[in-house]
Amino acid sequence: MANNKQHLSTTVFLAPYYIMFFTFIILPVAAAVALSFTYFNAIEMPTFIGLANYVNVITQDGVFMRYVLPNTLTFAFIVGPGGYILSFLLAWMLAQISKVPRTILALIIYSPSMTAGIAMAVVWKIIFSGDQVGYLNNMLITLGVILEPIQFLQSPEHLMTIMILVTLWGSMGVGFLAMLSGVLNINKEIYEAGYIDGISNRFQEIIYITIPSMKPQMLFGAVMAVVGTFQAGAIGVELSGANPTPQYSGQLMVNHLEDFGFIRYEMGYAAAISVLLLLFIYLFSKIAWRLFGEKD
Amino acid sequence: MASFHGTRINPDKFHRSQLKFYLFLIPLASFMAMPIIYIIFHAFKPIDELFAYPPRFFVQKPTFQNFIDLVNNTNATGVPMSRYLFNSIVITVAVVLLTVLISTMAGYVLSKKQFKLKKTMFEINTLALMFVPAAVAIPRYLLIDEVGLLDTFWAHIFPLLAMPVGLFLVKQFIDQIPNELIEAAQIDGASDYRIFLQIIIPLVKPAIATIAILSFQMVWNNAETSTLYVDNENLKTFAFYMSTLAVQSEGNTVAGQGMAAAAALIMFIPNLIIFMILQSKVMNTMAHSGIK
């Protein structure tokens with residue numbers, strides 16, 4: 001009897017979360033996988049076409065192969081590890097100073113990730129604005145570095161750099177907070193033991209004590225960095241104000257997906273891209289797991 | 001060797017050796033704060049300063065005109081700004097409260113109860129940490145259409161309630177509450193609901209604060225729902241409204257700029273205040289955020 005009651009309350013406690021979780025997270029992923037094997041234009045019923053979408057992505061889609069994939073990988077390889085290393089270094093440095101200044105500085109460093117993409121795009125757009133009223137253009141002209149304003153957001157050469165900069169700037173999120181408290185919560189005795197064992201500089205200390213002692217937080221930070229990197233895809237469109245971005249220079253997988261899904265209504269094809277995107281994230285998270293996960 | 005005394009993690013007071021860290025951190029933090037400070041100054045600039053040449057970073061004659069314009073402004077379809085703000089507040093409060101409640105409930109059971117599938121359920125949730133909403137935007141749209149949420153107020157709320165990061169953090173946090181405490185309560189005859197309300201909730205306040213902040217940031221800043229799932233202008237949110245203010249195609253860019261700047265500040269400030277109040281609790285939760 002008591003046992004039955006226990007089961008009932010367990011179900012009551014679990015049900016709300018998992019009903020929502022199943023409906024709005026698991027089902028869409030399953031549906032995306034199913035749709036990716038069909039031709040679907042959002043009006044007629046989907047028709048099954050097997051692997052054709054995937055074959056098309058790899059063999060027919062010139063834009064995807066020439067721009068989207070290289071862009072995504074460049075972006076991910078710079079912003080992912082860059083943001084990750086930066087958050088660790090900042091967390092480590094913040095841990096070396098006393099509480100009040102640390103709290104203030106940590107708040108400032110975390111604050112960019114609180115702001116909405118839209119609010120930020122407004123600010124960055126003004127800074128990088130293409131006419132001479134843009135802050136950066138104005139500064140460079142005043143300093144005499146350039147004579148004519150540069151179309152930062154519309155020119156293929158600059159858009160990617162700016163996207164990387166803006167994303168890095170906003171990348172000190174949850175992972176950064178986890179790392180900061182990870183560094184702060186390492187037992188001091190471990191350090192003392194380390195000095196007795198002959199650790200003689202800060203670099204050794206970080207490699208042999210700090211990082212191994214906060215592996216769980218490092219792993220959490222890594223997973224969050226991977227997700228953040230691939231999620232940041234919308235920034236190019238927001239900055240340049242167009243999808244596709246000028247000459248596909250800032251086109252990432254998320255933008256390509258939206259281009260096909262919501263502009264061209266090739267939903268099946270877009271679903272195939274979204275499945276690929278999820279696979280990418282899974283793959284890179286697995287790599288993070290390998291690097292920082294507990295060895296069983 | 002003799003001179004090396006090791007890192008002083010979490011020092012009590014200032015020491016000369018910390019100077020080098022300040023030397024690096026302060027310039028970097030100032031750089032990171034610049035756009036934020038800019039948002040603040042920009043919101044108070046009168047129209048001639050907004051378009052001044054050369055552009056100015058700081059405001060010289062601060063004015064509340066932008067805010068007044070924003071409040072008095074109605075968009076093309078006649079919906080006033082207050083309506084968007086009201087929607088945003090109702091949606092945010094609902095989502096934050098419900099998310100906190102359902103994640104804590106599930107976290108308690110996943111941490112302290114024994115049942116089949118427990119491990120699997122938590123593992124699926126950990127996998128879902130990698131979930132990127134943009135990747136499944138299309139099936140999500142179809143699904144929301146299918147369950148009849150399209151163009152309703154609920155479309156803003158339901159899809160955001162399951163927050164894998166939230167459940168993950170709270171479960172990790174509850175793992176540290178000793179089992180003996182719960183067993184003692186059970187021996188005293190407390191029901192599960194009572195244990196949850198009177199023992200678990202008070203003990204996991206830091207984790208609750210953390211989920212509250214994370215879900216607040218997510219829902220308050222969310223303009224996507226209004227763009228994708230809602231057509232009725234009366235049901236859209238402030239975040240969405242903001243995105244329409246500075247759009248060049250509306251032809252009203254000059255007046256729009258000032259209002260957009262004011263709106264950006266209104267968007268940002270609540271995030272900042274809530275985080276400031278709750279930040280020490282967040283750090284406490286994050287210390288236990290290991291993936292196991």
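Biologist: What makes up residues 159-180 of chain A, helix or strand, and how far apart are the end C-alpha atoms?

Modeller: The span is 82% helix and 0% strand, with its end C-alpha atoms 32 Å apart. Helices are DSSP runs of H or I of at least four residues and strands are runs of E of at least two, both numbered from the N terminus. The model is predicted, so local features need pLDDT of at least 70 and side-chain atom pairs count only at pLDDT 80 or more, while totals for chains, interfaces and linings use all residues. Residues are numbered from 1 along each chain as its sequence is written, chains are lettered from A and ligands numbered from 1 in the order in which they are written, and side-chain values use heavy atoms, without hydrogens and water.

Biologist: Why is the crossing of H3(A) and H11(A) called right-handed?

Modeller: A crossing is right-handed if the near helix is turned clockwise from the far one by less than a right angle, and H3(A) passes H11(A) in that sense. The axes of H3 (residues 62-95) and H11 (residues 215-231) of chain A come within 9 Å and cross at roughly 145°. Axes are lines fitted to C-alpha atoms over the stretch in contact, with angles from 0 to 180 degrees between N-to-C directions.

Biologist: Which residues of H3(A) and H11(A) meet?

Modeller: Among them are Phe75(A), Val79(A) and Tyr84(A) in H3(A), and Leu219(A), Ala222(A) and Phe230(A) in H11(A); contact means heavy atoms within 4.5 Å. The residues of this contact divide into 10 nonpolar, 4 polar and no charged.

Biologist: How many residues does each chain give to the contact of chain A with chain B?

Modeller: Chain A gives 96 residues and chain B gives 107. The area buried between them is about 9,000 Å², 78% of it from carbon and sulfur atoms; buried area is the accessible area (1.4 Å probe) that two parts lose on being put together, summed over both. Phe13(A), Tyr17(A) and Phe24(A) supply 10% of the area that chain A buries against chain B, more than any other three residues.

How values were computed: Nonpolar A, V, L, I, M, F, W, Y, C, P; charged D, E, K, R; others polar.
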